[in-house]
Number of protein chains: 2
Amino acid sequence: MTYNTQISQLKNYFSDIKKIDFIKNLLKWDQQVLMPDSDSSNRSRAELIAFMDKIKHEKLISEKTGKLIESADKKSDLNLIDNAILREAKRVYNKAVKVPTELLEELAKAVTIGYKIWDKARKKSDFSIFKPILKKIINLKKEYADKINVGSTRYDSLLDDYEPGATSAWIDSLFRILKPKIVKIVDNIVSADDKPEPSILKQYYSPEKQWDFSLEIIRKLNFDFNIGRQDKSVHPFTMAISSSDVRITTRILENYLPACLFGTIHECGHALYDMGFMEEIHSTNLAEVTSLGIHESQSRLWETIIGRSSEFWDFFYPILQTYFPNQLKNYPKSDFYRALNTVERSLIRVEADEVTYSLHIILRYEIEKMIFEDKVEIDELPHIWNEKMKELLDIIPPDDATGILQDVHWSGGSFGYFPTYVLGNLYAAQIYSYVKNEIPSLLQEISQGNFAHLLEYLRENIHKYGAIYYSQELIKRINGELLRPQYFIDYLKNKFYPLYHI
Amino acid sequence: MTYNTQISQLKNYFSDIKKIDFIKNLLKWDQQVLMPDSDSSNRSRAELIAFMDKIKHEKLISEKTGKLIESADKKSDLNLIDNAILREAKRVYNKAVKVPTELLEELAKAVTIGYKIWDKARKKSDFSIFKPILKKIINLKKEYADKINVGSTRYDSLLDDYEPGATSAWIDSLFRILKPKIVKIVDNIVSADDKPEPSILKQYYSPEKQWDFSLEIIRKLNFDFNIGRQDKSVHPFTMAISSSDVRITTRILENYLPACLFGTIHECGHALYDMGFMEEIHSTNLAEVTSLGIHESQSRLWETIIGRSSEFWDFFYPILQTYFPNQLKNYPKSDFYRALNTVERSLIRVEADEVTYSLHIILRYEIEKMIFEDKVEIDELPHIWNEKMKELLDIIPPDDATGILQDVHWSGGSFGYFPTYVLGNLYAAQIYSYVKNEIPSLLQEISQGNFAHLLEYLRENIHKYGAIYYSQELIKRINGELLRPQYFIDYLKNKFYPLYHI
């Protein structure tokens with residue numbers, strides 16, 4: 001076989017597998033956005049999704065996959081894209097063949113039940129309800145990690161599902177720098193005298209107008225409605241049904257303006273990445289974010305660094321005032337900007353500000369590592385959670401609901417996922433620092449509502465590559481540097497110290 | 001293997017194939033209702049649909065399918081449902097294995113191009129543009145019919161895709177009775193002196209209110225929003241994404257009230273059928289309308305027999321008046337009822353009334369038969385079309401657009417589809433006659449907006465069986481009678497002669 005035949009067979013085969021992912025995404029999008037919400041509708045939808053999972057798994061672990069990979073693997077002169085296609089094919093194939101189908105089925109069953117039990121336990125604020133199924137899920141995940149065994153530790157194997165190429169040793173090295181510095185910054189901020197007043201954000205804002213404003217924003221941010229749409233759902237998310245059909249959702253709280261506002265910008269940031277892959281990889285297995293960390297860097301860059309910046313509101317605040325004259329006509333932009341950037345030690349991760357957010361994640365990461373290094377019993381988890389909250393944020397959750405039960409992730413078996421949130425913030429700050437150097441007029445452009453250059457930079461340096469490069473290589477290619485937490489630290493200080501008059 | 005193992009393996013296997021259909025339906029529904037409408041989005045969606053088609057075809061023609069059928073086929077003591085599952089499995093398998101994959105691919109390609117060229121030809125009203133691709137599609141369909149070869153004529157093979165069990169000899173026998181009688185009825189009606197005045201329907205009616213009214217109607221008709229929804233699309237349709245997720249669409253013309261009104265009721269009639277299968281068959285290959293004729297009987301029964309009846313408007317007209325007081329407050333119900341039932345010789349099938357409609361279909365059926373019996377050249381078709389229009393409806397289309405190019409069906413290779421529209425009307429009239437006998441208070445119930453008994457009757461006698469019985473058996477089971485056109489003839493006379501004071 002010629003080079004072209006070998007690699008194009010592999011390419012087509014994995015393009016079919018990619019199609020399965022896209023179709024699954026539509027099944028899920030539809031379920032969360034507009035499907036009739038009866039038990040029977042949900043049951044049939046679960047069956048359809050499980051069927052696509054089965055088709056994918058069968059295809060992935062088939063003999064044919066192995067042969068196609070083997071044959072392509074003999075070539076040494078692959079070009080950049082083909083090489084990455086082969087690398088990704090090997091990575092997922094090697095994992096898939098190592099995991100017994102029964103284990104996957106048991107896991108799928110456990111997390112389905114797990115979600116329901118977690119939901120109930122959280123409502124009753126009682127960890128003991130969740131404990132047995134959590135223990136089961138953890139044990140299955142340990143077995144899963146031991147089977148795939150792709151890193152030097154069990155946790156590394158879990159990480160590979162979300163952040164290919166990352167290791168816990170590397171994350172340790174980042175968090176070791178980050179943790180004391182953030183704790184210090186938070187200390188400084190919360191002891192500042194001149195605090196923002198966030199009550200303006202908690203008034204009534206008409207949902208219809210919030211929706212219209214959110215659309216106006218993302219149109220300005222160059223979200224392409226020819227290949228995307230926005231809808232509403234209980235939890236905001238981004239879903240690619242192809243590289244030419246990327247959908248985001250938002251949610252609207254009528255008494256809390258930031259929910260829709262920053263939910264929309266966050267998902268728009270994800271979507272701009274998904275919409276920006278170069279055409280050559282559109283229907284390949286590289287039409288994919290390279291890691292959750294990089295994906296999150298794009299959402300956070302737009303949501304926090306841009307969306308909560310003073311320049312952003314130079315442009316958008318007058319517009320927002322026309323949407324909500326009763327609430328905002330006489331309210332100064334400078335106070336609004338400060339209100340958006342209130343920093344507080346709080347209990348709930350998803351409500352945390354930019355500064356304290358990382359501490360919530362570090363807590364979870366440390367606990368996850370203890371779990372998978374067999375250094376903790378499930379029984380001890382609530383206690384450890386609260387201890388760490390005290391250590392990192394100086395508050396102790398009054399109950400399980402606002403403590404260890406607050407996040408859905410573990411009920412779904414998503415261990416190794418949390419640290420990617422911090423990686424996202426770190427990547428975002430570093431990339432943003434590069435952009436500012438590259439585009440000296442950036443702040444001025446933003447204050448004029450012009451985001452084209454920024455997007456172009458991200459397209460050229462990040463988006464277009466999809467999953468061609470692993471995240472660490474992707475960042476290194478820009479300026480020769482690896483990921484450095486100092487960028488994020490500097491960003492926080494430069495933004496928040498002046499804001500708090502420190 | 002035991003009885004249970006054999007049949008349940010077959011059942012599960014075909015349940016997976018059914019899942020593929022459901023998923024394809026979602027892909028199509030989404031494309032027509034809300035997908036971003038760019039070329040690239042449409043291209044990727046076409047790829048996803050084609051992929052599901054491929055998966056289905058591979059599964060269907062695989063050796064495993066043959067073995068499962070063979071093994072189940074050895075049993076002689078199958079119960080009703082299992083027997084029907086096996087019958088359907090055999091029917092689709094036997095056809096699928098006979099058709100070369102290349103032929104299917106060629107057909108798929110031809111109809112994709114065919115649609116675009118037809119669209120262009122119709123816009124330019126020039127049959128010669130459409131002719132070459134139509135010829136190609138017809139030739140491929142001839143090859144297809146000859147390969148599957150399931151009836152005694154080529155046309156019978158085509159019919160089997162839409163109306164299993166039907167033959168052209170049988171349809172001939174029905175149409176032979178129908179044609180002269182309908183021609184006669186139309187003659188009588190159009191020569192009547194006292195004609196309805198339909199202009200009231202062609203005023204401006206606010207789209208929002210039309211939409212709300214359409215929802216109010218189908219709620220009353222017991223459309224179950226827990227397992228269904230209504231949306232808008234360019235062409236109204238019904239799509240089942242599972243037996244617990246059945247969706248209809250409607251379209252709204254602001255200057256023509258009947259479009260949304262009867263589009264909605266029509267699709268609701270389809271949906272009530274799709275929503276009414278007995279649970280035992282929900283995820284089997286029997287969770288399906290048994291034929292397009294029976295499907296159409298349900299939509300037409302609700303749309304025309306019920307929806308255009310005087311009793312229906314006894315209940316709904318006062319409500320409609322509250323939606324549109326400016327247009328209707330002083331307009332009597334009796335005139336509105338007559339306006340809805342205007343009969344006219346007209347050019348366009350989809351705009352035709354209940355009476356002339358069958359003649360449009362008979363014309364198409366006769367031409368299709370000529371085509372597949374090799375009794376006509378493509379070149380002659382426009383001429384033959386116009387001749388038949390003159391014969392049946394006494395009008396001659398002024399151009400191709402309002403003549404032979406008006407319907408999309410042939411561009412999609414759907415030959416054998418048209419006659420099911422008339423079968424639908426015939427079945428509807430016959431079933432309705434049974435219902436009226438069974439429920440003496442029916443007309444009174446309808447005039448009180450109570451449709452529960454009617455639906456219950458349809459559920460018990462039609463809907464719940466899904467594809468368990470072929471259509472002819474289904475109707476025979478109700479009263480021992482086969483399909484008889486006289487019911488429809490009588491229905492038309494009993495309704496329209498008084499309405500036209502004949």
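View 1. Leaving aside residues up to four places away in sequence, Trp313(B) touches, with heavy atoms within 4.5 Å, a set of residues including Phe213(B), Leu261(B), Arg308(B), Lys333(B) and Leu340(B).

**View 2. The aromatic pair of Phe312(B) and Trp313(B).** Over all chains, 62 aromatic pairs are found, with ring centres of Phe, Tyr and Trp (its six-membered ring) within 6.5 Å. The rings of Phe312(B) and Trp313(B) have centres 5.2 Å apart and planes at 75 degrees, so this pair is edge-to-face (over 60 degrees). Phe312(B) and Trp313(B) are both buried.

**View 3. Lysines over aromatic rings.** Lys18(B) lies over the face of Phe22(B), at 4.9 Å from the ring centre, while the charged end of Lys232(B) sits over the ring of Trp211(B), 4.8 Å from its centre; the criterion is NZ of Lys or CZ of Arg within 6 Å of the ring centre and within 35 degrees of the ring normal.

**Notes on the model.** Residues are numbered from 1 along each chain as its sequence is written, and chains are lettered from A in the order in which they are written. In this predicted model local features need pLDDT of at least 70, side-chain atom pairs count only at pLDDT 80 or more, and side-chain values use heavy atoms, with hydrogens and water left out.

Technical notes
Phe/Tyr/Trp six-rings, centres within 6.5 Å; stacked < 30°, edge-to-face > 60°. Buried < 20%, exposed > 50% of the residue type's maximum accessible area, 1.4 Å probe, protein only.
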